[in-house]
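This report goes through helix packing, sheets, the chain contact and a few backbone details in turn. The sequence and the structure come first.

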Amino acid sequence: MRKKILEELYKAAKKNKKIVFIGSDLGPDILKNFKKDFPDRFFMEGAAEQNLISSASGMAHEGFIPYVNTIASFLTRRCYEQIYINLGMHKSRVRLIANGGGVVYAPLGPTHLALDDISLLKNIPNMTILVPADSVEVIKMMRATINHNGPIYFRIAKGGDPISTEGMYKKFKIGKPYKIGKEYKNIIVSTGVMLDTALKIRKELNSKKKQIGIVHCPTIKPLDSSEIKKIFKKTVNVITIEEHGLIGGLGSTINDILKLEKNKKIINLGFPDSFVKGYGRQHEMLKKYNLDFSGILKKIKKII
Amino acid sequence: MVNYLKKNFKLDNRSVYLRNLIIDGLEGGMRGHIGSSMSLVEILRVLYDDILHFNPKKTKLENRDRFILSKGHGCLALYSILIDKGFFSEKYLKSFCKIDSMLGGHPDYKIPGVETTTGSLGHGLSIGVGMAIALKIKKNKSKVYVVIGDGESNEGSIWEALMSAYKNKLDNLIIILDHNNLQTYGSPFQVAGLDKLKQKMISFGLITKEVNGHDVKGLKLALSKKKTNRPTMLICHTIKGKGISFAENNVNWHHKANLDSKTIESLRKSLNKPLII
């Protein structure tokens, strides 16, 4: 997904002369073709995220569409105020491509994890938060959002993530939740790469004659709340799963939307309100916090 | 070391008039950053009288020069010159900082003539860097002028922006430092260990000049267009609270709230009495 979004960016920049790339201090092979073909629109400006964001805002002010790319934790926490004021308040057409949303960088330790990025950015008016599940979806997102009026945060996972959205829908629309299956009583709500886990759980449960549907939310903000309410009208058990802290992520977004709805039991699964301990690989970290296939399945079985 | 403030420039009628507008704002809102606005007046006056290309009725003209007051708390000085140039009416000063007012305690991008919202220190220069890069891509010959403060230069992001400006050879970026040598608690050195600004700016690769920031002729000369291949830094040595004798170089006059009519009167009296040269 990480490779695909940049490939798509290059293709878009070929057609649209307003597109600018700004990186921090990324690998030397990043967008080599972009740099070669559009040197005046390629910038690698150093580990200086505050300056990256504000100067992107200045470029947007002049009519350009800058795509800023670096590691998710640094692209959100380090320069939060710059995003808040210079992108949010100004409704700047700046796009943030955040590598390693969630626990992708688990081996590098807690400084590199992004389990609060969605929560932080959700507090910014005018912000759009997109969490693609795979490279198929990220390409659709890119194509559909180039001229969107306002800042966009793309929460990108690791790369090489399993393809889960193939054939799910044709054109991406900001805010739209996508339903998989016709089951209504029990629904898993997922975002990003957790869709793959949700699909596997559904397959497993369906094989045991237990019915469960999935609602995939590639947009966290602005999420179409009336559509969510409509989908969940007959639902009893709602299980939200995410590679993010329980505060302020997908789960809390769904809770906010459904808080006045009757006869529903909502279970939020995500990382607890504490600093994550340990290292390991992304899948090992998810397992440690019971957010892998078997951990989530176990919890769902108790509910449905 | 040259003492640029050795000569105390007498304020002429225009400088007094612009400062009176600042006091109108202080009176309207019964509050404001007095010292930080008063030190800026001649810098802004020279920029808008002699340097910047702009049209107050067409604020989005592509060939305008871009101006950013990065030290946004000096906004009353900016509002005064914008009023003087016809961007909006003087009547707005009466509602300064009031609910539903167009003019608040820091510049907002919705105000005619204000390019970008500032107030949180250390943002405006980077925005100016982005604009300067964008103008170069567009092959637009307009220039970007950014006024920063020395207190603002406590912020690390100022130095990030300077590195980027140098690296990108932004010869269309002119940075003006209002060096009044006094922030809220004390001098930039006392508070943040920040001194030797000229040496620092030179070492960051900028074409660095110094001037008395109240010397109208000197400012005009220093800001006159000269061909360069790097960003320019003009360090303006100024007096915080300039023009109000009891507020000059006085930390207690950085910002005031609950200003009563008696204090406003004393500000006007001090401003309008002839100053000693």
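## Helix packing in chain B

In chain B, helix α1 (residues 13-29) packs against helix α10 (residues 261-272) at an angle of about 175°, and their axes are 10 Å apart. The angle makes α1(B) roughly antiparallel to α10(B), because angles over 145 degrees are counted that way. On the α1(B) side the contact is made by Val16(B), Arg19(B), Asn20(B), Ile23(B), Leu26(B) and Glu27(B). The α10(B) side contributes Ile264(B), Leu267(B), Arg268(B), Leu271(B) and Asn272(B). Sorted by class, the contact of α1(B) with α10(B) has six nonpolar, two polar and three charged residues. The model is a predicted one.

The crossing of α3(B) past α4(B) is right-handed. Val41(B), Leu44(B), Arg45(B) and Tyr48(B) of α3(B) meet Ala77(B), Leu78(B) and Ile81(B) of α4(B). By class, the residues of this contact divide into six nonpolar, no polar and one charged.

## The seven-stranded sheet of chain A

Chain A has an open sheet of seven strands in the order β2-β1-β3-β4-β6-β5-β10, with mixed pairing. At its edges stand β2 (42-44) and β10 (219-221) of chain A; each has a single partner strand, so one side of each is left without a neighbour in the sheet. Neighbouring strands of this sheet are turned by 20° against each other on average, direction ignored.

Within this sheet, β1 (residues 19-23) and β3 (residues 65-71) of chain A run parallel and are joined by five bridges. Ile22(A) stands opposite Val68(A) of β3(A). β3(A) is also joined by five bridges to β4 (residues 95-99) of chain A, and these two strands run parallel. There, Thr70(A) has Ala98(A) of β4(A) as its bridge partner. Seven of the seven residues of β3(A) are buried, so this strand is largely enclosed by the rest of the structure. A residue counts as buried because 20 or more other C-beta atoms lie within 10 Å of its own.

## The five-stranded sheet of chain A

Another open sheet of chain A is formed by five strands in the order β7-β9-β8-β11-β12, and its pairing is mixed. The edge strands are β7 (178-180) and β12 (265-271) of chain A, each with a single partner strand, so one side of each is left without a neighbour in the sheet. From one strand to the next the twist averages 20°.

The pairing of β11 (residues 237-245) of chain A with β12(A) is in the parallel sense, over six bridges. Val238(A) has Ile266(A) of β12(A) as its bridge partner. Helix α10 (residues 250-258) of chain A lies across β8 (186-190), β11 and β12 of chain A, running at about 145° to β11(A). Helix α12 (residues 293-303) of chain A also packs on the sheet, where it touches β11 and β12 of chain A. The direction of α12(A) makes about 160° with that of β11(A).

## Contact between the chains

Chain A has 22 residues in contact with 22 residues of chain B. On the side of chain A that touches chain B, the elements giving two or more residues are α3 (49-61) and α5 (80-89) of chain A. The largest share, nine residues, comes from α3(A). By class, the residues of this side of chain A divide into six nonpolar, eleven polar and five charged.

## Backbone details

Most residues other than glycine have a negative phi, and most peptide bonds are trans. The peptide bond joining Lys221(A) and Pro222(A) is cis, with omega about -5°. Pro222(A) is in the loop between β10 and α9 (225-231) of chain A.

Asn263(A) has a positive phi, near 60°, and is placed in the loop between α10 and β12 of chain A. Asn181(B) also has a positive phi, near 60°, and is found in the loop between β3 (173-179) and α7 (188-192) of chain B. Which of these residues is buried and which exposed? Asn263(A) counts as exposed, with 7 C-beta neighbours inside 10 Å, whereas Asn181(B) counts as buried, with 21 C-beta neighbours inside 10 Å.

Note on methods:
Residues numbered from 1 in each chain as written. Chains lettered and ligands numbered in written order. Predicted model: local features only at pLDDT ≥ 70, side-chain atom pairs only at ≥ 80, totals over all residues. Contact = placed C-beta atoms within 7 Å. Helix = DSSP H or I, 4+ residues; strand = E, 2+ residues; numbered from the N terminus. Nonpolar A, V, L, I, M, F, W, Y, C, P; charged D, E, K, R; others polar. Pairing = 2+ DSSP bridges. Axes fitted to C-alpha atoms, helices over the stretch in contact; angles between N-to-C directions. Parallel < 35°, antiparallel > 145°, perpendicular 65-115°, else oblique. Left-handed = near helix turned anticlockwise from the far one by under 90°. Buried ≥ 20, exposed ≤ 12 C-beta atoms within 10 Å, placed from the backbone.
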